[in-house]
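Here is a short briefing to read alongside the structure. Have a look around first, and then we can go through it together.

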Amino acid sequence: VVFEVIYYLAFKLTGNLGISIVALSFAVSMLLVPLYNRADAIQKEEREIEAKLAKGVEHIKKTFRGDEQLMMLQTYYRKNNYSPLYFLRGSLSLFLQIPFFIAAYQFLSNLDLLNGVSFGFIKNLAAPDALLNVGGMTVNVLPIIMTVVNLVSTYLFTKGFPVKTKIQLNAMALFFLVFLYNSPAGLVCYWTLNNVFNFVKTIIGKLQDPDKGVNIALFICSVIVMSYSLLTSPN
């Protein structure tokens, strides 16, 4: 219902179905900022606790085996008021995405208004974009751009994170590539923009470091230029 209300309000203001998808993605991303900020804080706390306990856990694993190791780990966690199930907090931002992705999928995949509607280089928002033709085979570009944004974002902003977190994020990016590759361009456009907005939000949070901010800005310019070259190249 929220998606539908925002989308139709955007369409009433802009009169453009494609721009309304951009507005929907931006509005939902902004509405979710407080939730993602809280999730980031919880995940940071989880990483700090894991780092604090890492030395003791490593010592127990080296010293004990089998049931004795399990018992010692349980005792160690209990003494530090920690439960192994707390590791799920490290995936909180992923869990937050699921219901909103389902809502977007249900709404945009079944939106008859998009049939035959073009937007920029996209000829039909209700069908896969098929923007490139390589050796007689059509290639959907939007899912690839979406995946590149996700993978680069994971690489840039997970330095110092646990390996399992990096694996989860990379696996999720590849999952969305496969799952959305043949989906309607309107849906992929929405989710790509959603990831771009989150990417930019993270960049803003990193701009306290000027050197890192400059490098990230240069990277964004490179991505824009490369994407424009791909999208404007003849099929």
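In which helix is Ser25 found? Ser25 sits in helix α2, which covers residues 17–31. Please keep in mind that this is a predicted model.

**The chain as a whole**
- The protein chain has 9 helices and 2 strands, and from the N terminus its elements follow the order α-α-α-α-α-β-β-α-α-α-α.
- Of the 235 residues in the protein chain, 37% are buried.
- Among contacts with a separation of 6 or more, 67% join residues 24 or more positions apart.

**Around Ser25**
- Ser25 counts as buried because its relative accessible area is 0%, below the 20% cut-off.
- The side chain of Ser25 reaches two backbone atoms: the oxygen of Tyr190 at 3.2 Å and the nitrogen of Asn194 at 3.0 Å.
- Setting aside residues up to four places away in sequence, Ser25 touches Tyr190, Leu193, Asn194 and Phe197.

**Around Phe119**
- Phe119 lies in the loop between α5 (92–109) and β1 (132–134).
- With a relative accessible area of 21%, Phe119 is partly exposed, because that class runs between the 20% and 50% cut-offs.
- Beyond its neighbours within four places in sequence, Phe119 is in contact with Asn16, Gly18, Ile19, Val22 and Leu125.
- Phe119 and Ala185 are 66 residues apart along the chain, and their C-alpha atoms are separated by 9.6 Å.

Definitions and conventions:
Residues numbered from 1 in each chain as written. Predicted model: local features only at pLDDT ≥ 70, side-chain atom pairs only at ≥ 80, totals over all residues. Heavy atoms only, no water. Helix = DSSP H or I, 4+ residues; strand = E, 2+ residues; numbered from the N terminus. Buried < 20%, exposed > 50% of the residue type's maximum accessible area, 1.4 Å probe, protein only. Polar contact = N/O pair within 3.5 Å; in protein donor to acceptor, adjacent residues only side chain to side chain. Contact = heavy atoms within 4.5 Å.
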